[in-house]
Amino acid sequence: MSRAYYVTTPIYYVNAEPHIGHAYTFCVADSLARFHQMRGASSWVVTGTDEHGEKIVEAAAAAGLAPSEFSDRVSARFRAAWDEVGLTANRFVRTTDADHRRNVQAILQRVHDEGWVELREYDGLYCVGCERFLTDRDLLDGRCRDHERVPEKRRESNYFFLMSRAFGWLREHIERHPDFIRPARYRNETLAMLRDESGLGDLSISRPKHRLAWGIELPFDPDHVCYVWFDALISYLTGAGYPDDPGFPARWDAVEHLIAKDILKPHAIFWPTMLHAAGIAPPRHVSVHGYWNVEGRKMSKSLGNVLSPHDVATRYGFEGFRYATLREMSFGLDADLRDAALIERINADLANNLGNLVSRTLRLVERLCGGRIPEPAREAIGSPERELEALAAEVVARVDALMAGLEIHRTLEEIFRLVGAANRLLDLRAPWKAAKEPGGDAVVRTTLHATCEAIRVTALLLGAFLPAACGEILSRVGAAETLEAARLPDDAAWGRLVPGAPTRTGDALFPRLEARKD
Ligand SMILES: [Zn+2]
């Protein structure tokens, strides 16, 4: 069986509409899945919606709907948003799905049977926004820091997952696996949380049903439902086919969770300790990205600056947006989405650099070589051609090294070195002039063969990030392989184009975008 690669986005809470923060994570997941698939792995992508909990009950009531109807509606909107922009998953998990419910109950029963669960009386301040009891450090002037609302005084019996017992194990696991939580700043943040255990303690994993009925019932006490985070995290197992799918073990062995930094604690602390208690291996990677601000401000409903995937697809074309955000965000750090910067990035890299290389090369091949890949002339291969070939091999190797460290923005920068070099070769050899000179035919054929090869290799390397455009480029340049069937690094070896293969010109791949006038 081939190697697996399993990547997850968070499952999104259905109390909000899909926005570009969600879309960015999905673009990264999709790119990573394609990247690994092209390198011989069998990729598996999972996303979904998180549908239980008190906040959903509140939002449903505000919309005048039952929680189940409300969840159906918002979950469908997430699915439609991804369909519209061409992002697909192998499994879309809803936490209301029957197989997910079974998995949550099985895991609850197992950790209970293994002695990891205890019933305790709880008396404290509860924030509905957080869906948990708050500690002193969660409060600012008597209000929840995150939700700016006054918590309720509550006294109730809760089941606790005895998470703190596994902190020693977790600390050791993090220290032994430097790329478990990445980038390193989030690994350090997790270790700092573990050093200061007073902020963590054990995890309340139940809510009494008389107060909250919308959830998965505890198998060992029907008067309680499961806490949303405990339920939601298990969706990553459900999505991989746990427990019976024959593909599950290999997927789980290679799982990478992509998250934004606000949900580090559940993923870096709750989740591995839950898995440990259930006798399941922790995830291979928890990979954490920063926030997107919009024009320098935090995205928020009240500011009215929340952008949907549909908004950006209309403004930039979804692949243009996808490229520009992958290129602009240094993975792990916050980034700012500025319209002017995105337009400039799309125009400079895609329209002017890559788009122009493809269109002028293929027009010249059409005019000077009859629309077929030319045979290079050995005597016309000089050091500029040899340098371009060497650069292509160097970029192929550099891309793999950069992607191993999740340096997506630098990967894209690296690939564009090849595009820039191919444009410079074209300018240097000027085949449109050479064609008019006696004996210039060898220069024409050799130069255009080299730039066609550079275009083909570029399309293979960029294919994981810009799949639609690169599939089209491969087809126009007469490549024998499709993006779906291509395997790297072998297919990126120089000289795979077959002389005589038909090429094709077409509409601009990346039309230039106009800056906003205001
Ligand atoms: Zn809160």
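Is Glu-295 buried, exposed or partly exposed? Glu-295 is partly exposed, because its relative accessible area is 39%, and partly exposed is the range between buried, under 20% relative accessible area, and exposed, over 50%, with a 1.4 Å probe and protein chains only. I will come back to this residue.

First, the ground rules. This is a predicted model, where local features need pLDDT of at least 70, side-chain atom pairs count only at pLDDT 80 or more, and totals for chains, interfaces and linings use all residues. Residues are numbered from 1 along each chain as its sequence is written, and side-chain values use heavy atoms, with hydrogens and water left out.

Now the overall picture. The protein has 518 residues, and 56% of them count as buried. Its C-alpha atoms fill a box of roughly 95 × 55 × 40 Å along the principal axes. There are 18 helices and 18 strands; these are DSSP runs numbered from the N terminus, helices being H or I with at least four residues and strands E with at least two. Among contacts with a separation of 6 or more, 78% are between residues 24 or more positions apart.

Next, the domains. The assignment gives domain 1, residues 4-289, and domain 2, residues 339-492; such bounds come from an automatic or database domain assignment. Their C-alpha centres are 43 Å apart. At the contact between them, 12 residues of domain 1 meet 16 residues of domain 2.

The nonpolar core is next. By that I mean a set of buried Ala, Val, Leu, Ile, Met, Phe, Trp, Tyr and Cys residues joined through side-chain atoms within 4.5 Å. The largest one holds 164 residues, and Phe-230, Leu-237, Trp-252 and Ile-269 touch the most other members. Helix 13, residues 339-369, gives the largest share, 12 residues. Domain 1 and domain 2 each supply at least three residues to this core. Take Phe-230: leaving out residues up to four places away in sequence, it touches Ile-107, Leu-108, Val-111, Phe-161, Ile-205 and Met-274.

A second, separate core has five residues, including Cys-127, Leu-134, Leu-139 and Cys-144. Leu-139 is in strand 6 and counts as buried because its relative accessibility is 18%. Beyond four places in sequence, Leu-139 touches Leu-125, Leu-134, Cys-144, Arg-145 and Pro-151.

Compare that with a residue in strand 8, residues 152-161, namely Ser-157. Ser-157 is partly exposed, at 28% relative accessible area. Apart from its neighbours within four places in sequence, Ser-157 is in contact with Leu-119, Arg-120, Glu-121, Ser-206, Pro-208 and His-224. From Ser-157 to Gly-40 is 117 residues in sequence and 51 Å in space, C-alpha to C-alpha.

On to helix packing. Two packed helices are described by the angle between their axes and the distance between the axes. How do helix 12 and helix 15 cross, and at what angle? The axes of helix 12, residues 318-328, and helix 15, residues 408-429, come within 6 Å and cross at roughly 110°. The axes are lines fitted to C-alpha atoms, for helices over the stretch in contact, and angles run from 0 to 180 degrees between N-to-C directions. Helix 12 and helix 15 are therefore roughly perpendicular, the term for 65 to 115 degrees, where under 35 is roughly parallel, over 145 roughly antiparallel and the rest oblique. Helix 12 contributes Tyr-323, Leu-326 and Arg-327 to the contact, and helix 15 contributes Ile-408, His-409, Leu-412, Glu-413 and Phe-416.

Last, the backbone. Most residues other than glycine have a negative phi, and most peptide bonds are trans. Glu-295 has a positive phi near 50° and is not a glycine; it sits in the loop between strand 16 (292-294) and strand 17 (297-298). Asp-141 also has a positive phi, about 50°, without being a glycine. The loop holding Asp-141 runs between strand 6 (139-140) and strand 7 (143-144), and Asp-141 counts as exposed because its relative accessibility is 75%.

As for cis peptide bonds, one joins Arg-182 and Pro-183, with omega about -5°. Pro-183 is in the loop between strand 9 (181-182) and helix 6 (184-195). Another cis bond joins Leu-488 and Pro-489, with omega about 5°, and Pro-489 is in the segment after helix 18 (467-476).

Conventions: Contact means heavy atoms within 4.5 Å.
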